[in-house]
Amino acid sequence: MDGSAIENFSCVIYTISLMNCTWQAGKDAPGDTQYFLYWQSSRYDKAMECELYIKDENGRNTGCRFQNVTIMTEKAYFLVNGSSKVSLIQFYDEYIQLYKIEKLMPPSNITVNCDEIKNGCIIQWQRPQTSHSNKDKCFKYELDIRYKDNPEGKIIYTSIQDGENSQIFPRPNTRRTYLLKMRAAGSACFVSPFWGEWSAPVKFGNEVISSSVWILPLVGVATLSVAIVTVLSCKS
């Protein structure tokens, strides 16, 4: 039956080895149509059916969750067929290069060490974890630095580093505290060329002491001094 095959099929790999695939029912598919997904990670592997389907409110399969996915250099094959008591259902199939659909993790072990004399800060990190690439040259990184007291404000420093694991940040103000975020993308090899997830903010720099913090002690000292002078005067 024309129009009974699934539509809008898409997959994404995330958190290193998890994969979600989703689709929509064909616009002309009978109401009782049920879909089934099979995939083959390489031509040397056996085809496997989805083990954990995502269902809609009517119990129809509209997606699948996979675990322990390993990205291969060759394309994976996906096939979704269907069944209905009303008519035969068209199948849908597609070859996908898995590394292109991976949502990269943030860079790991991000550290910042500042030199109080030269005012520069050395930012260091390690490549994001993936299931298939362990070469630093395969990644590029975007750095985003803002003031801690205005994290949604203007970016005061941004940089894209290709294949590097460190960067020197010249602090414009040594008395301010900063927030650093980083993300990664592939620059070569079989690594997704799309930007991945942002890292959690890393705080560095110096905290500015609020005026109220030192004004209150001064007021206390002044009050105590007045009290001592008054007592001494009374004794005299």
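Modeller: With pairing: two strands count as paired if DSSP finds at least two bridges between them. This is a predicted model. Strand 11 (residues 139-147) and strand 12 run antiparallel and are joined by six bridges.

Colleague: Which residues form the covered face of strand 12, and which the uncovered one?

Modeller: In strand 12 (residues 157-162), Tyr157, Ser159 and Gln161 make up the covered face, while Thr158, Ile160 and Asp162 make up the uncovered one.

Colleague: And the sheet as a whole?

Modeller: Strands of a sheet pair through backbone hydrogen bonds, either parallel or antiparallel. Here an open sheet of four strands has the order 12-11-14-15, and the pairing is antiparallel. Strand 12 and strand 15 (202-205) each have a single partner strand, so one side of each lacks a neighbour in the sheet. On average, neighbouring strands of this sheet are turned by 25° against each other, direction ignored.

Colleague: Now the disulfides. How many does the structure hold?

Modeller: The structure holds four disulfides. With bonded cysteines counted along the chain, the pattern is 1-2, 3-4, 5-6, 7-8.

Colleague: Where do Cys50 and Cys64 lie?

Modeller: Cys50 and Cys64 form a disulfide with sulfur atoms 2.0 Å apart. Cys50 is in the loop between strand 4 (48-49) and strand 5, and Cys64 is in strand 6, 14 residues apart. Both Cys50 and Cys64 are buried.

Colleague: Why is the disulfide of Cys114 and Cys121 right-handed?

Modeller: The torsion about its S-S bond is about 100°, so the disulfide of Cys114 and Cys121 is right-handed. The link of Cys138 and Cys189, with -75° about the S-S bond, is left-handed. Cys138 lies in the loop between strand 10 (120-126) and strand 11, and Cys189 in the loop between strand 14 (177-186) and strand 15, so this pair ties together parts 51 residues apart in sequence.

Colleague: Is Cys138 buried or exposed?

Modeller: Cys138 counts as buried because its relative accessibility is 1%, and the cut-off for buried is under 20%. Cys189 is partly exposed, with a relative accessible area of 37%.

Conventions
Residues numbered from 1 in each chain as written. Predicted model: local features only at pLDDT ≥ 70, side-chain atom pairs only at ≥ 80, totals over all residues. Heavy atoms only, no water. Buried < 20%, exposed > 50% of the residue type's maximum accessible area, 1.4 Å probe, protein only. Helix = DSSP H or I, 4+ residues; strand = E, 2+ residues; numbered from the N terminus. Axes fitted to C-alpha atoms, helices over the stretch in contact; angles between N-to-C directions. Disulfide = S-S within 2.5 Å.
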